[in-house]
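Good morning, and thank you for coming.

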Amino acid sequence: MVGKEIYDFTCRLFPINRYLMGEGVRKTLLSIKEIIPEMQICEVPSGTKVFDWTVPLEWKVREAYIENERKERIIDFKKNNLHVVAYSNAIDEWMPLKKLKEYIHTDKEHADSVPYVTSYYNDHIGMCMSERQLNALPEGNYHLYIDSEKVKGSLTYGEIIFKGDTDDELLFHSVICHPSLANDELSGVTLAAFLAREIREMRGHRYTYRFVFVPETIGAITYLAKNLFYLKEHVKAGYILSCEGDNRAYSYLATIKGNSLADRMAIKVLSELHSDYTKYSFLDRGSDERQYNSVGIDIPVCLVCRSKAGEFPEYHTSNDNLDFVCPEGFQGSFEVFMSIIKLFEKNRSYRTKVLCEPQLGRRGLYSNVSFSGSKTPYKVIVDFLAYANGDNDLIAISDILDVPWERLNEIAEILLEQNLIEEM
Ligand code: ZN
């Protein structure tokens, strides 16, 4: 089961100390390259201007802990990398509990978990622990020690392109900047690697497939700044992959327009496979769909995931761990995206070639075509021909007839063979 392979790969990548930029990102990309050797790894130097932003410095952290007067470590970044605020400045200072508390972040709503906190663009010193642990700390002196530095380096991203018969593209975008958090966002990275492996094994495909692995926000902006002209022309639909490994109901977040091919394929596949999915508007956006859908960029990218980021209690806490994701969760997401890929490959507009209704009996289509479904095959064929006007694609006709798109694709193949329709 590929779901198990994705889960195992997630377990391998989970402990890596990933932050916006630096060794963690490179290590992660090199691991993906073991699965997809074609991947290109690109570096963009700190200080590079990308649209309204500047590529920041890399952050290195060697040690981060708090110890008590008996030299016992209360928390240690080496045990859980969420304990240090990402991009925290260095400190080496003994202080009373009252002062220590000024440096500590907790999540009061989820008192037993360690929150994930970042401070990429502001100077800050901070550590994270559970609210319960903080409340249990006795009065006394504590040693806050963070050995970190910000250095000139580069932003690293990965890119894989599988050329198809045409240059029209389906894009998969995943983000590689979170430390040990399993569902948000590592699950999207590992799912992407295995979707890419599957496409590489496909024996020919009409479309081109692009996989992008970047740190969130600044990575997406950098990637768009470097590739905008080409992407705008060729990407027909795209998906952000994150939160793909839990086993709860599916979610879909629309593009800003809401009716792009990316939206229509997501809605079609989810409504046929998992009709209990939750639909979110673009107003609920949170990840890099923000950049793709922004004014002047206008690349239709939406989100299909299990629990949506920000909507599950484990989100951005130490409870988003390897117990929260599972092989079944990954398997389901893998199948949903493979269905989207199949639909992307097969979706076409057809036009009926005969004026008035064709005589189907003469062609053996009156009763000989059989397949399961609520409508009789004859009725579906007649309805398909009625709506095959050159504008309606398979998704549109499937919506109108309320017949699964794969059945209509079977019918289209028969009608093509009989020369009753033509592909637009
Ligand atoms: Zn996140």
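How do the residues of the lining of the largest pocket divide into nonpolar, polar and charged? There are 14 nonpolar, eight polar and seven charged, where Ala, Val, Leu, Ile, Met, Phe, Trp, Tyr, Cys and Pro count as nonpolar, Asp, Glu, Lys and Arg as charged, and the others, Gly among them, as polar.

This is a predicted model, in which local features need pLDDT of at least 70 and side-chain atom pairs count only at pLDDT 80 or more, while totals for chains, interfaces and linings use all residues. Residues are numbered from 1 along each chain as its sequence is written, and side-chain values use heavy atoms, without hydrogens and water.

The lining comprises 29 residues, and nearest the centre of the pocket lie His178, Glu216, Gly286, Ser287 and Arg290. A pocket here is an open set of points on a 1 Å grid over the protein atoms alone where a 1.4 Å probe fits, with protein on both sides within 12 Å along at least five of seven lines; lining residues have an atom within 4 Å of a point.

I turn now to strand 11. Strand 11 runs parallel to strand 12, joined by seven bridges, and His173 stands opposite Val212. Six bridges join strand 11 to strand 13, also in parallel, with Ser174 opposite Leu241.

Conventions
Pairing = 2+ DSSP bridges. Helix = DSSP H or I, 4+ residues; strand = E, 2+ residues; numbered from the N terminus.
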